[in-house]
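I opened my notebook next to the model and started looking things up. Here is what I wrote down, entry by entry.

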Amino acid sequence: MASTDVKVLGSWPSPYVNRVRIALNLKSVNYEFLEEKLGSKSELLLKSNPVHQKMPVMIHGGKPICESLIIVQYIDEAWTDGPSILPSEPYDRAMARFWAAYVEDKWSPTLGGFRNAQGKEAKVAALEEVREGLMLLEDTFAKCGKGKDFFGGDTIGYLDIVLGSFLGWLRATKKLADIKLIDETKTPGLFGWAEKFGSNVAVKDVIPETDKLVELFKMMMTARPKA
Ligand SMILES: N[C@@H](CCC(=O)N[C@@H](CS)C(=O)NCC(=O)O)C(=O)O
C-alpha cells in the first residue's frame, strides 16, 4: 500500500462513506478510518465540512475534501498510478458521470422512499419506482460494460462504485422485506455484476454485513416518532 497521509471520517453503514473507502482500496492507498459515532458528529467533522456537516470527509495532507462523488474523482486524479476509476474516453466518462448523477439524484431517493414508505399502497408504488430505475440501469450496464464484468469494463469504475455502494442496503432490503430488487431473471446483468462487485477484494470488507444493517434499520424504525 502507498504510504500517504489520508484520513477518512465517516461511519460504517454509510454508502457515501463506503464509496471513498472502495476508491482508496482500488488505488491501494493506505488510510486511517476515523469512525464517527452513529447519531453524533465529531468536532473534526464539523470543522472539516462546515457547509454541509455531513460525512464522508477525506483529509489528505491536512486538507479536507467533502462530498463523496467529488472525493472519488479527487482520488482518481491524485493517485494516477493505480487503476483508473473514470473511463479514459471523454464520451464514456460523460456517460459514467451521467448515470452516476442518475443514481444519486433519482434512483437512490426511491430506494430510501421504499424503505420508509408507510402502508401497503405506498410500498407497492415505491417498489415499482425502484424497479423501473433498476431496469434502466440494467440497460446501462449492457451499454457501458460492453459485455464485461463491470460498468467500467474489465475493472471497477466510477459508476460501479456509485451504485455498488448501495449493495449492503439492497441485501438488507431483501432480508427485511423478502423482496429481491436485483433479480436473476428481471435484471440478469446487474445480478451477475452485484456478485462480482461484492466479492472484489477492494469491496468485500467495506460493504456492511447484512445482519448489522437489518439491526440498525430496526433500531432506526423503533426510534422514529410515530406519525
Ligand atoms: N451528498 C453527500 C451525502 C452524504 C450524506 O448524506 N451523509 C450522511 C451519512 S449517510 C450524513 O452525514 N448525514 C448526517 C446529516 O445529514 O446530518 C455525499 O455524497 O457525500
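Which residue takes a positive phi just after helix 7? I found Asp178 there, with a phi of about 55°.

**Ground rules.** I am working with a predicted model, in which local features need pLDDT of at least 70, side-chain atom pairs count only at pLDDT 80 or more, and totals for chains, interfaces and linings use all residues. I number residues from 1 along each chain as its sequence is written. My helices (H or I, at least four residues) and strands (E, at least two) are DSSP runs, numbered from the N terminus.

**Helix 7.** I stayed with helix 7, residues 167-177, and asked which of its residues are buried. They are Leu167, Gly168, Trp169, Leu170, Arg171, Ala172 and Thr173. I call a residue buried if 20 or more other C-beta atoms, placed from the backbone, lie within 10 Å of its own, exposed if 12 or fewer, and partly exposed in between. The cover over these buried residues includes helix 1, helix 4 (90-116), helix 6 (158-164), helix 8 (188-199) and helix 9 (210-223).

Next I traced an open sheet of 4 strands, ordered 2-1-3-4, with mixed pairing. At its edges I have strand 2 (32-35) and strand 4 (63-66), each pairing on one side only. From one strand to the next the twist averages 25°. I count two strands as paired if DSSP finds at least two bridges between them. Strand 1 (residues 6-10) runs parallel to strand 2, joined by 4 bridges, and Lys7 stands opposite Glu32 there. Strand 3 and strand 4 are antiparallel, also over 4 bridges, with Ile59 opposite Pro64. Their hairpin has 2 residues between the strands, and Gly61 in the hairpin takes a positive phi near 60°.

**Helices on the sheet.** Helix 1 (residues 15-26) packs on the sheet, touching strand 1, strand 2 and strand 3 (57-60), and its direction makes about 155° with that of strand 1. Helix 3 (residues 68-78) lies across strand 3 and strand 4, at about 125° to strand 4. My axes are lines fitted to C-alpha atoms, for helices over the stretch in contact, and angles run from 0 to 180 degrees between N-to-C directions.

**Leu9.** I then picked Leu9, in strand 1. Is Leu9 buried or exposed? Leu9 counts as buried because 24 other C-beta atoms lie within 10 Å. Beyond its neighbours within four places in sequence, its contacts (C-beta atoms, placed from the backbone, within 7 Å) include Leu34, Leu44, Met55 and Val57.

**Two domains.** The domain assignment, automatic or from a database, gives domain 1 (6-78) and domain 2 (90-217). Their centres, taken over C-alpha atoms, are 21 Å apart. Domain 1 brings 12 residues to the contact and domain 2 brings 16. On the domain 1 side, helix 1 and helix 3 are the elements that give two or more residues, and helix 1 has the largest share, 8 residues. That side divides into 8 nonpolar, 2 polar and 2 charged residues. I count Ala, Val, Leu, Ile, Met, Phe, Trp, Tyr, Cys and Pro as nonpolar, Asp, Glu, Lys and Arg as charged, and the others, Gly among them, as polar.

How values were computed: Two residues are in contact if their C-beta atoms, placed from the backbone, lie within 7 Å.
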